[in-house]
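Keep the model open as you read.

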Amino acid sequence: MSVLRIPQEIYQAIRLHGEETYPHECCGALLGSSTPQGWRVTASVRAGNIRTDSAHNRYQIAPLELVKIEREARSQGMQIAGFYHSHPDHPAQWSQTDFAEAHWLGCSYVITGVANGKATVTNSFLLAGTREEDKRFENEAIQVDESLV
Ligand SMILES: [Zn+2]
């Protein structure tokens, strides 16, 4: 099983983001570097949820915003490690929509359940596979590190 390593302050920040946008979903990107065990997150970027039609159970980062995030990550020697979003009043498990809209093979998809405005469980799923046809979500562990070092 792969391990997503994330510093405490970033872990808290993405959970807090989900509480702030409740009852709507929050979303954002995770930046970092890859290790043989999995991604090591060193930054997170909040993104606007462009799905205003159904923001409580859909999330989408605007393509141009994503291009900008990726460019900035690269300029700082980081890569897009994955994405995060929240599930207001739903378990922290991926949905069929999440799976259908996940295209970044090898990236981690982090989901935080938010119940009555409070963040509950946070889970991470690695999008495994070599192409769209054989992609699948694999459960991965989250290791919260003390600090950013
Ligand atoms: Zn979702």
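Buried here means under 20% relative accessible area, exposed means over 50%, and partly exposed lies in between (1.4 Å probe, protein chains only). Helices (H or I, at least four residues) and strands (E, at least two) are DSSP runs, numbered from the N terminus. The model is predicted: local features need pLDDT of at least 70, side-chain atom pairs count only at pLDDT 80 or more, and totals for chains, interfaces and linings use all residues. Residues are numbered from 1 along each chain as its sequence is written, and side-chain values use heavy atoms, with hydrogens and water left out.

Start with helix 2. This helix has 13 residues and reaches 19 Å from its first C-alpha to its last, close to the 18 Å expected at 1.5 Å a residue. The expected span is 1.5 Å times one less than the number of residues. Which residues of helix 2 are buried? They are L66, I69 and A73. They cover an arc of only 60 degrees around the axis, which puts them on the same side of helix 2. The arc is that of the directions from the helix axis to the C-beta atoms. An α-helix has 3.6 residues a turn, so residues three or four places apart point the same way. Strand 2, strand 3 and strand 4 are among the elements that cover the buried residues of helix 2. The face turned away from that buried side carries the exposed residues L64, R71, R74 and S75. After helix 2 comes G77, with a positive phi near 75 degrees.

Helix 1 (residues 8-21) has 14 residues, which should span 20 Å at 1.5 Å a residue; its end C-alpha atoms are 20 Å apart, in agreement. Its buried residues include I10, Y11, I14 and R15, along with H17 and G18. Seen down the axis, the buried residues of helix 1 fall within an arc of 145 degrees, so they line one face.

Now the interior. A nonpolar core is a set of buried Ala, Val, Leu, Ile, Met, Phe, Trp, Tyr and Cys residues joined through side-chain atoms within 4.5 Å. The largest has 21 residues, and those with the most contacts inside it are L31, I61, I80, F83, Y109 and F137. Helix 2 and strands 2, 3, 4, 5 and 6 each supply at least two residues of this core. A second, separate core of 12 residues includes I6, C26, L30 and V110.

Turn to the strands. Two strands pair if DSSP finds at least two bridges between them. Strand 1 (residues 3-7) and strand 7 (residues 136-145) run parallel, joined by 5 bridges. There P7 stands opposite D145. Strand 6 pairs with strand 7 in the antiparallel sense, over 5 bridges. F125 stands opposite N139 in strand 7. S124 belongs to strand 6 and is buried, with a relative accessible area of 2%. Its side chain makes a polar contact with the side chain of E140 at 2.6 Å. Such a contact is a pair of N or O atoms within 3.5 Å; within protein, one must be able to donate a hydrogen and the other to accept it, and residues adjacent in sequence count only if both atoms are side-chain atoms.

Last, the backbone exceptions. Most residues other than glycine have a negative phi, and most peptide bonds are trans. A cis peptide bond joins Y22 and P23, with omega about 5 degrees. N116 is not a glycine, yet has a positive phi of about 50 degrees. N116 lies in the loop between strand 5 and strand 6 and is exposed, at 68% relative accessible area.

Definitions and conventions: Contact means heavy atoms within 4.5 Å.
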